[in-house]
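Please look over the structure shown below before reading on.

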Amino acid sequence: MHYYSREEKRVQGNQNNYIYMFGSNPKTSSATSPPKGTHQSGNDSAPNRLSSGVSITGDVKFSSELVIDGEVEGNITSNGKLTIGTHATVAGDIRAGLVTIHGLVEGNVLATERCALHAGGSLHGDIESPRLAMDENASLVGSATITAKSA
């Protein structure tokens with residue numbers, strides 16, 4: 001299966017077998033479609049995903065929610081929610097509102113709301129967060145600093 005960007009979709013024409021990365025497939029109904037260039041997001045919308053087998057080299061920035069199950073080599077920045085999946089490997093610093101780690105992170109984590117290390121998750125770096133949850137089967141090689149939540 002080949003993944004196409006939104007730009008490639010426009011070049012290839014109107015075919016229904018394309019999968020959009022980093023967002024939901026647009027609605028096919030023209031009556032409720034948002035204007036071009038906008039992204040409709042709601043509380044019930046699915047998070048953006050970086051699937052297993054996909055790798056990115058470079059910094060990643062997002063606004064609402066991202067689930068990474070592939071590989072990222074670079075820093076990740078957001079005020080939103082970041083989930084590092086069980087198959088994920090991240091080599092770089094993370095700064096996000098909510099950080100949940102199920103896979104491997106090699107870098108420092110600054111979570112402005114909460115950081116959670118789940119069973120099987122591994123962090124090789126320092127954590128700074130106002131709240132920290134860590135499963136007994138998670139691994140932390142570094143230090144943890146629990147700070148007051150900044151205004």
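This is a predicted model: local features need pLDDT of at least 70, side-chain atom pairs count only at pLDDT 80 or more; totals for chains, interfaces and linings use all residues.

Q: In which strand is the place of Glu-128?
A: Leaving out residues up to four places away in sequence, Glu-128 touches Val-109, Leu-110, Ala-111, Thr-145 and Thr-147. The C-alpha atoms of Glu-128 and Thr-147 are separated by 6.8 Å, although these residues are 19 apart along the chain. Glu-128 itself belongs to residues 127–129, which form strand S13.

Q: What separation do the C-alpha atoms of Leu-110 and Ala-96 have?
A: Leu-110 has its place in strand S11, and with a relative accessible area of 25% it is partly exposed. Beyond its neighbours within four places in sequence, Leu-110 is in contact with Ile-94, Arg-95, Ala-96 and Glu-128. Of these contacts, Ala-96 is 14 residues from Leu-110 along the chain, and their C-alpha atoms are separated by 6.6 Å.

Q: How many bridges join S9 to S11?
A: Strand S9 covers residues 94–101 and strand S11 covers residues 109–117. Within this pairing, Val-99 stands opposite Cys-115 in S11. The two strands run parallel, and the number of bridges that join them is 7.

Q: Why is S9 largely enclosed by the rest of the structure?
A: S9 has several pairing partners, including S6 (residues 76–77), which is joined to it in parallel by 2 bridges, with Thr-77 opposite Arg-95. S7 also pairs with S9 in the parallel sense over 4 bridges, and there Ile-84 stands opposite Ile-101. S9 is largely enclosed because, of its 8 residues, the number buried is 6.

Q: Which residue in S7 is the bridge partner of Glu-65?
A: Strand S1 (residues 48–50) pairs with S4 in the parallel sense over 3 bridges, and in that pairing Asn-48 stands opposite Leu-66. S4 is also joined to S7 by 4 bridges, again with the strands running parallel. In S7, Glu-65 has as its bridge partner Lys-81.

Q: Is Thr-83 buried or exposed?
A: Thr-83 lies in strand S7, where it touches Leu-66, Val-67, Ile-68, Thr-100 and His-102, not counting residues up to four places away in sequence. Its relative accessible area is 14%, and since buried means under 20%, Thr-83 counts as buried.

Q: Which residues touch the most other members of the largest nonpolar core?
A: In soluble globular proteins, nonpolar side chains tend to be buried together. The largest nonpolar core here has 23 residues, and strands S4, S7, S9 and S11 each supply at least two residues of this core. Ile-68, for instance, is in contact with residues including Leu-50, Ile-76, Leu-82 and Ile-84, leaving aside neighbours within four places in sequence. The members that touch the most others are Ile-68, Ile-76, Leu-82, Ile-84 and Ile-94.

Notes. Residues are numbered from 1 along each chain as its sequence is written. Side-chain values use heavy atoms; hydrogens and water are left out. A nonpolar core is a set of buried Ala, Val, Leu, Ile, Met, Phe, Trp, Tyr and Cys residues joined through side-chain atoms within 4.5 Å. Buried means under 20% relative accessible area, exposed over 50%, partly exposed in between (1.4 Å probe, protein chains only). Contact means heavy atoms within 4.5 Å. Two strands pair if DSSP finds at least two bridges between them.
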